[in-house]
Amino acid sequence: MQAHKPRRVLVIEDDRDIAELVRLHLADLGCEVHLADDGAAGLARAQAQAFDLVILDLMLPGLDGLEICKRLRAGADYLPILMTTSKASELDRVLGLELGADDYLTKPFSLAELLARVKALLRRAELLRSAQA
């Protein structure tokens, strides 16, 4: 099996404790993790650098997760988005998915489920990239 560069993940989350916990567990998977704690900074970072995945909180100061998701989807390159939120209503989940999120996880979430979803999204994105090559 060939070694490949670490997956780059951007976590846009305003709760510092959650962001750090996610960062630690993704680092254990070998991911290079970058954090942003507000919507505008997160969007700017996602647009300025190449990432393999964005974990995006719905409720953020400044720009909210739905607006960030819309703007990222308006770009030319496909970027997997895992949306997280404490809003558990079906309408919120459907809206997030309709606006382009690839997956949706309701807080509080188990870290095992988060990591399983991250791995699945990264696998799908890799398959998509190799199919386009």
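Predicted model: local features only at pLDDT ≥ 70, side-chain atom pairs only at ≥ 80, totals over all residues.

User: At what angle do the axes of H1 and H5 cross?

Analyst: The axes of H1 and H5 cross at roughly 55 degrees and come within 11 Å. The two helices are therefore oblique to each other. Their crossing is right-handed.

User: Which residues make that contact?

Analyst: On the H1 side they are Leu21, Val22, His25 and Leu26, and on the H5 side Leu111, Leu114, Leu115 and Val118. Take leucine 111, which sits in helix H5. Apart from neighbours within four places in sequence, leucine 111 is in contact with Leu21 and His25. Leucine 111 and histidine 25 are 86 residues apart in sequence, yet their C-alpha atoms are 7.7 Å apart in space.

User: Now another pair. How are H2 and H3 placed, and at what angle do they cross?

Analyst: Helix H2 covers residues 39–48 and helix H3 residues 65–74; their axes come within 10 Å and cross at roughly 15 degrees. An angle under 35 degrees counts as roughly parallel, so H2 is roughly parallel to H3. This crossing is right-handed. H2 contributes Gly39, Leu43, Ala46 and Gln47 to the contact, while H3 contributes Ile68, Arg71 and Leu72.

User: Let's turn to the sheet. In what order do its strands lie?

Analyst: To read a sheet, follow which strand pairs with which. Here the order is S2-S1-S3-S4-S5, in an open sheet of 5 strands with parallel pairing. The edges are S2 and S5 (103–106), each of which pairs on one side only. On average, neighbouring strands are turned by 20 degrees against each other, ignoring direction.

User: How many bridges does S1 make with S2, and how many with S3?

Analyst: S1 (residues 8–12) pairs with S2 in the parallel sense over 5 bridges. One example is isoleucine 12, whose bridge partner in S2 is alanine 36. Between these strands the chain passes through helix H1 (residues 16–28), and this β-α-β crossover from S1 to S2 is right-handed. As for S3 (residues 53–57), 4 bridges join this strand to S1, again running parallel. There, valine 11 stands opposite isoleucine 55 of S3.

User: Which strands does H1 touch?

Analyst: H1 packs on the sheet and touches S1, S2 and S3, with its direction at about 170 degrees to that of S2. Helix H5 (residues 111–132) lies across S3, S4 (81–85) and S5, running at about 175 degrees to S5.

User: Why is S2 described as largely enclosed by the rest of the structure?

Analyst: The idea is to look at how much of each residue can be reached from outside: under 20% relative accessible area counts as buried. In S2 (residues 32–36), 4 of the 5 residues are buried, so the strand is largely enclosed by the rest of the structure.

User: One last thing. Where is the cis peptide bond, and what is its omega?

Analyst: The cis peptide bond joins lysine 107 and proline 108, with omega about -5 degrees. To place it on your view, find proline 108 in the loop between S5 and H5.

Note on methods
Residues numbered from 1 in each chain as written. Heavy atoms only, no water. Buried < 20%, exposed > 50% of the residue type's maximum accessible area, 1.4 Å probe, protein only. Pairing = 2+ DSSP bridges. Right-handed = clockwise from strand over helix to strand, strands pointing away. Axes fitted to C-alpha atoms, helices over the stretch in contact; angles between N-to-C directions. Parallel < 35°, antiparallel > 145°, perpendicular 65-115°, else oblique. Left-handed = near helix turned anticlockwise from the far one by under 90°. Contact = heavy atoms within 4.5 Å.
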